[in-house]
Amino acid sequence: MAVIDLRSDTVTRPTAEMRRVMANAEVGDDVYGEDPTVRQLEERVAELLGTQAALFVPSGTMANQIALRAQVRPGDKVIIGAGAHVWMYESGALAALAGAQTHVLPGDGRFTAAAVREAFTPQDPYLSPTRVVAVENTHNMGGGLLWDQDEVTAVVTAAHALGMAAHLDGARLWNAAIASQTSERALAAGFDSVSVCLSKGLGAPAGSLVAGSRELITTCHRFRKMYGGGMRQAGILAAAGLHALTHHRERLAQDHDHARHLAESLAQVPGLRVALRKEMTNIVMVDLERTSAATLVAAARRHGVLLGAVGARRVRLVTHLDVDRAAIDAAVAALVQATRECQAEADAQERAG
Ligand SMILES: Cc1ncc(COP(=O)(O)O)c(C=O)c1O
């Protein structure tokens, strides 16, 4: 039985063509600044995002963390949305490595300019200087949610008016651009720093970039070294990223169609609750009425479908390059079956008292 892996869009394997360009990549020592393929990727991403410069790093976590580290001092505060990756899923790096504290705005991960103004604390020896606002677009734990771009602009404007910087965690900015039929450059406009990932929807095996002004990227370069992110013949990875940018961006629309189909199908399954939202992209969050996430994940695995548990009663399904429409249909059938089994088990437990 072929396993259908919906845990994340990071599980994709490089295509044969991607492997070929990786094998043939021109390389050099990137720590010496001598890898031509890395340079090419950095220039291409800076151009796509409309920034002066970009820096290739091993992961999205490093891209976010060095961007924030470069813009805060220990004790400073970063305003973020609920469930922000930079806060919840980066192993406490913001506190441990940057020494920053966070002010988490409630909601689905998105927030308003008014909330930013309210969270900002004026200069006062008792208070932590509010230095950066971080936006995540699309928002992973919110369910791949696309922001309203007018709200993003208002947030960035409010941040700048208060003397703060604005960071964009754009791990899935490519999805946001396709879903909103705009350019990545338009979505990144005004931000002081932007992180993007090549290893998610784009299907590259590894690699992210942090982008911003030349001055900021020079500072990030230093922190990349400090955080251990200097890679040598990294052109092999950069080549995969360049290939992905050319060949795998437009096709993200398919992932979004698949996710919507998956969400609509699962919404009809008794015992599952799915919020069907127009701002969703390639992530589907499913709330479970009668069974725990761990039980459903185990049952789905027995039926050849891998899901992620992201709460006691919530699972996450992510569409990507390696799942086609037939795999989505097969996954729905398997999940109908798995849910039935879990509910029968819950019924039996209830009867047993
Ligand atoms: C929104 C967001 N930002 C950052 C990251 C971190 O990326 P990485 O796993 O490459 O460190 C992820 C990973 O899933 C993510 O979803």
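Predicted model: local features only at pLDDT ≥ 70, side-chain atom pairs only at ≥ 80, totals over all residues.
Q: Start with helix H7. Which residues does it cover, and how far apart are its end C-alpha atoms?
A: H7 runs over residues 149–161, and its end C-alpha atoms are 18 Å apart. At 1.5 Å a residue, its 13 residues should span 18 Å, so the two agree.

Q: Which residues of H7 are buried?
A: Val152, Val155, Val156 and Ala159. They sit on the same side of H7, because they cover an arc of only 95° around the axis.

Q: What covers them?
A: The cover includes helix H6 (113–119), plus strands E5 (130–136) and E6 (165–170).

Q: And which exposed residues are on the face turned away?
A: Asp150 and Ala161.

Q: What follows H7?
A: Gly163 does, with a positive phi near 85°.

Q: New topic. Which residues surround the ligand?
A: Among them are Ser59, Gly60, Thr61, Asn64, His85, Glu136 and Asp169. By class, the shell has 8 polar, 2 charged and 2 nonpolar residues.

Q: Which element gives the largest share of that shell?
A: Helix H3, residues 60–69, with 3 residues.

Q: Now Gly83. Where is it?
A: Gly83 is in the loop between strand E3 (77–81) and helix H4 (85–88).

Q: Why does it count as partly exposed?
A: Gly83 has 19 C-beta neighbours inside 10 Å. Buried would take 20 or more, and exposed 12 or fewer.

Q: What is it in contact with, leaving aside neighbours within four places in sequence?
A: Gly83 is then in contact with Met88, Gly109, Met141 and Gly142.

Technical notes. Residues numbered from 1 in each chain as written. Helix = DSSP H or I, 4+ residues; strand = E, 2+ residues; numbered from the N terminus. Expected span 1.5 Å × (residues − 1). Arc of directions from axis to C-beta. Contact = placed C-beta atoms within 7 Å. Near = placed C-beta within 6 Å. Nonpolar A, V, L, I, M, F, W, Y, C, P; charged D, E, K, R; others polar.
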